[in-house]
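Hello,

Here is the structure I promised to pass on to you.

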Amino acid sequence: MPDGAHACGCDMQDGLLAPDIALRILLEDAAPVAREAEVPAEAARGRVLSRAVVAPGDLPPFDQSAMDGYGFAAADCAQAAAPRLGRRIAAGDAPGAEVPAGQAVRLLTGAAIPDGIAAVLMEEHAALRAGAVFARRPPRPGQNIRRRAEDVAAGAAVLQPGLRLGARHVALLAALGMGRVHVRDRVRVALLSNGSELDAGRGLRDSNRPMLAALLAGQPAEVEDVGLLPDDPDRIAAALARAAAGADLILSTGGVSGSDADHLPAALAAAGGEVEVLKLAQKPGKPLAHGRLGGARCLFLPGNPVAALVGMLTLGVPLLHRLAGMPPQPPRLLPSVLAEGFARQPGRVEYLPVRIVGETEEGLPMVERTGPAGSARLLPLAAADGLLRIPAMLGTVAAGGRFGMLPLEGLA
Ligand SMILES: Nc1nc2c(c(=O)[nH]1)N[C@H]1C(S)=C(S)[C@@H](COP(=O)(O)OP(=O)(O)OC[C@H]3O[C@@H](n4cnc5c(N)ncnc54)[C@H](O)[C@@H]3O)O[C@H]1N2
Ligand code: MOO
């Protein structure tokens, strides 16, 4: 049963929508951007593959020694054989002619195995005497040989569309000699914030737009900064219409909770878009609106900064990933143990800023709250290593309880 759902199976909890249902609604008709490009593989970190990568050759490309040592013929792998030492083959050398039984070759790690050699004896297990190689432990046929294609066979689809490339994938592409890959274009995100108070010179500043721009810098996104919009429905509608012309996603914060100063949903409708306002059983991050305008999806997050971040991490990032052509997963949570218990009002899934203060005997992070939680408080958020997810229906949160933590490092 989704968090916050009633036992009867409906999606509402006190009129609030379970967050996982909201995610499903958001992803329902979100299609990946169609545009793709071919880019140099070494510059492809962070990009999302639009086509499978098919190996043009084998890895390793030939049988190789896995150790510094001596190559033995199959007949010499028996106890008491002491083949005579022949030539030396280093990594990068041609393997040369077939090696007859009774003869060993000196092999360095990565060297091509010549025909006739069945095993490599590590040099630590060998003794050289009078031009012969004595095995302290006779090698087993096949030992210490990396076989051609044991890692990758030519023709295998090694990387799948939808994969976001990291350094490890760049290594594989380089090893395969693949200079270029097909990737999807980054999602064009038009980013804006809303609230006349943030520009009034009274000490209130826009922190959401810089926060989301910084978060998006680590995502497959290209940001167009639309700026801070005042609480003026006509200006908001005009800005949305302009942004929709060049964006895949319009992302905003503020102006969604429904008061007479909250204009985003109405402005989207006035601009000719579709809009739906949702209230989620999530704390913070309760009110939000979503919809579309022309070819652009719209996600309007709440204005309180922690609520904006939680909404972005739980809904915005999965939506962005779907648009980027990636599998849209809810955030991955790390099992963690809470050091101190507390009581809370049940009803909404809650995300609490926590810091890691130690490790349990099982090796799980032990966490504690960073300060009084509040959706407008930035200091406890800045001090946090992660956001601890407390299930909706829990009233008493016991010390030693195990919860999922959304790690913030590298994300936000
Ligand atoms: N009667 C109700 N009032 C409120 C409700 C409700 O359900 N009924 N929900 C509360 C919750 S929960 C949240 S969260 C906020 C969200 O409201 P809005 O999305 O309409 O946001 P605003 O009213 O525009 O702003 C809220 C708060 O955040 C500050 N803010 C806004 N944008 C930024 C920004 N870019 N950077 C920094 N701070 C920002 C703004 O000044 C307000 O203080 O509504 C509650 N109210
Ligand atoms: O989204 Mo609001 O708390 O839930 O700040």
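**Helix α4 and its surroundings**

In this predicted model, the buried residues of α4 pack against the strands β15 (187-194), β16 (221-229), β17 (249-253), β20 (287-293) and β21 (296-301), and against the helix α5 (264-270). Those buried residues are Ile236, Ala237, Ala239, Leu240, Ala243 and Ala244. Looking down the axis of α4, you will find them within an arc of 165°, so they line one face of the helix. An α-helix has 3.6 residues a turn, so residues three or four places apart point the same way. On the other side of α4, Asp234, Ala245 and Gly246 are exposed.

The length of α4 also works out. The helix covers residues 233-246, and at 1.5 Å a residue its 14 residues should span 20 Å; the C-alpha atoms at its ends are 21 Å apart, which agrees.

**The two ligands**

Which residues are closest to ligand 1? They are Asn208, Gly254, Ser257, Pro302 and Gly303, out of 25 residues that surround this ligand. By class, the shell around ligand 1 holds eleven polar, nine nonpolar and five charged residues.

Around ligand 2 you will see Lys283, Pro284, Gly285, Lys286, Pro302, Asn304, Ala307 and Ser375. This shell divides into three nonpolar, three polar and two charged residues.

**The chain as a whole**

Stepping back, the chain has seven helices and 28 strands. Its radius of gyration is 30 Å, well over the 22 Å that the globule rule gives for 412 residues, so the chain is more spread out than a compact globule. Along the principal axes, the C-alpha atoms fill a box of roughly 95 × 50 × 45 Å. Of the 412 residues, 41% count as buried. Among contacts between residues at least 6 apart in sequence, 68% join residues at least 24 apart.

**A last stop: Asp14**

Asp14 sits in the loop between β1 (12-13) and β2 (16-17). Is Asp14 buried or exposed? With 10 other C-beta atoms within 10 Å, Asp14 is exposed, because 12 or fewer is the cut-off for that class. From Asp14 to Arg87 there are 73 residues in sequence and 81 Å in space, C-alpha to C-alpha.

Enjoy exploring it!

Best wishes

Terms used: Residues numbered from 1 in each chain as written. Chains lettered and ligands numbered in written order. Predicted model: local features only at pLDDT ≥ 70, side-chain atom pairs only at ≥ 80, totals over all residues. Helix = DSSP H or I, 4+ residues; strand = E, 2+ residues; numbered from the N terminus. Rg over C-alpha atoms; globule rule 2.2 N^0.38 Å. Buried ≥ 20, exposed ≤ 12 C-beta atoms within 10 Å, placed from the backbone. Contact = placed C-beta atoms within 7 Å. Near = placed C-beta within 6 Å. Nonpolar A, V, L, I, M, F, W, Y, C, P; charged D, E, K, R; others polar. Expected span 1.5 Å × (residues − 1). Arc of directions from axis to C-beta.
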